[in-house]
Amino acid sequence: MDVDDDYDEGRSPASSRSLRSVVDALFAGARRGGTGLLDLLLPPVCVACRRPVERAHGLCATCWSGLAQIERPYCDRLGIPFGYDIGEGALSAQAIADPPVFDRARAAVLFEGAARDLVHALKYRDRTEVAKLMGRMTARAGRDLLGDADVLVPMPLHRHRLWTRKFNQAVLLADEVGRLAEVAVAPEVLLRIRPTRPQVGLGEAERIANVRGAFRVPAARRGAVEGRAVVLVDDVLTTGATAAAATRALKRAGAARVDVLTFARVAAGGPLAI
């Protein structure tokens, strides 16, 4: 998919923008249902700043330029971007000193600026249409993982949090990635079996303890991952503690390999607040 599919030069009629905001509130349910009704009624808008644009589910040029996209060269294990090319298959100091439980990690962008706004819009403001753009970018970033993947497993929410939020953003992302990459999505394979504290504000050791033993693959679902290459999908990778705990559960269930694919990742030494 061309980069141009995700951004647009944009237009700025104030009346269209104002009318759009009113209709957004009236048709929030329709948007969650994926009907596309708003795009038929009114011109599409930038999914980040809401300025009118030419194509639906994309970004204006200003917001697109505000994304810190992760491109090669980067660490082959952790996907951490390098400042310069040090050779194919190179590993970061972090990957060498503390190898992750999962096999590889990839992300589309750094978790800052416009990327943070997109994650918050999806996660906390019910802007489920944002998942289309995020999913497209995530699929592109994970092409080397998806080429030989057998199944996508979204990072699960505990049932209490799912009841409160009404949807799991990781499932929305995985559905879009799976559609584009033609890889099956298995949202019921991995369960979060106990509630955990939000990871925001916790130190690394606290994050590890918080999610230890929080995930399980039911015996009846083991066949979906046993001996297979699994890609674990989530919105943001921070310290990797949650991804590691989920990976352990998948590998205990017999997964041959577990890679982690997210829309965004926190830069080494960057802020963890999500």
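**Contacts, cores and salt bridges**

Student: Leaving aside its neighbours within four places in sequence, which residues is V231 in contact with?

Tutor: V231 touches L145, A149, V151, L152, V153, D259 and L261, once neighbours within four places in sequence are left aside. Bear in mind that this is a predicted model.

Student: Where does V231 lie? And is V231 buried or exposed?

Tutor: V231 is part of strand β8, which covers residues 229–237. V231 is buried, at a relative accessible area of 1%.

Student: Which residue does R257 form a salt bridge with?

Tutor: The partner is D259, and the closest N and O atoms of the pair are 3.1 Å apart. D259 is also among the residues in contact with V231.

Student: Is D259 buried or exposed? What about R257?

Tutor: D259 is buried, with a relative accessible area of 0%. R257 is partly exposed, at 22%.

Student: How many salt bridges does a search of the whole structure find?

Tutor: It finds 11. One of them joins the side chains of D103 and K251, at 3.1 Å from N to O.

Student: What is the relative accessible area of D103, and of K251?

Tutor: For D103 the value is 23%, so D103 is partly exposed. K251 is partly exposed as well, with 31%.

Student: Which residue does R179 meet in a salt bridge?

Tutor: R179 meets E176, and the N to O distance is 2.7 Å. Both residues are in helix α10; because they are 3 residues apart, about one helical turn separates them. R179 is exposed at 52% relative accessibility, whereas E176 is buried at 7%.

Student: Which residues are linked in a network of salt bridges?

Tutor: R72, D76, R106 and D144 form that network. R72 has another feature: the peptide bond from R72 to P73 is cis, with omega near 10°. P73 belongs to the loop between α4 (61–65) and α5 (93–97).

Student: Change of topic. How many residues does the largest nonpolar core have?

Tutor: It has 40, and those with the most contacts inside it are L59, L67, V109, L118, M134, M137 and F263. Helix α7 supplies the largest share of this core, 7 residues. Another core, of 33 residues, lies apart from it and includes I80, A95, V153 and A246. V153 is also one of the contacts of V231.

Student: Why is α7 largely enclosed by the rest of the structure?

Tutor: Because 11 of its 12 residues are buried. Among them are V130, L133, M134, R136, M137 and R140.

Student: How far does α7 reach from its first C-alpha to its last?

Tutor: The helix, residues 130–141, reaches 17 Å, close to the 16 Å expected at 1.5 Å a residue.

Student: Zooming out, how many helices and strands does the chain have?

Tutor: There are 12 helices and 9 strands. Of the 274 residues in the chain, 50% are buried.

Student: What does the accessible surface of the chain come to?

Tutor: About 12900 Å², with 53% of that belonging to carbon and sulfur atoms.

Student: Last one. What share of the contacts with a separation of 6 or more comes from residues 24 or more positions apart?

Tutor: Such residues account for 73% of those contacts.

Methods
Residues are numbered from 1 along each chain as its sequence is written. This is a predicted model: local features need pLDDT of at least 70, side-chain atom pairs count only at pLDDT 80 or more; totals for chains, interfaces and linings use all residues. Side-chain values use heavy atoms; hydrogens and water are left out. Helices (H or I, at least four residues) and strands (E, at least two) are DSSP runs, numbered from the N terminus. The expected span of a helix is 1.5 Å times one less than its number of residues. Buried means under 20% relative accessible area, exposed over 50%, partly exposed in between (1.4 Å probe, protein chains only). Contact means heavy atoms within 4.5 Å. Accessible areas come from the Shrake-Rupley method with a 1.4 Å probe; for residues, only the protein chains shown count as cover. A nonpolar core is a set of buried Ala, Val, Leu, Ile, Met, Phe, Trp, Tyr and Cys residues joined through side-chain atoms within 4.5 Å. A salt bridge is a side-chain nitrogen of Lys or Arg within 4 Å of a carboxyl oxygen of Asp or Glu.
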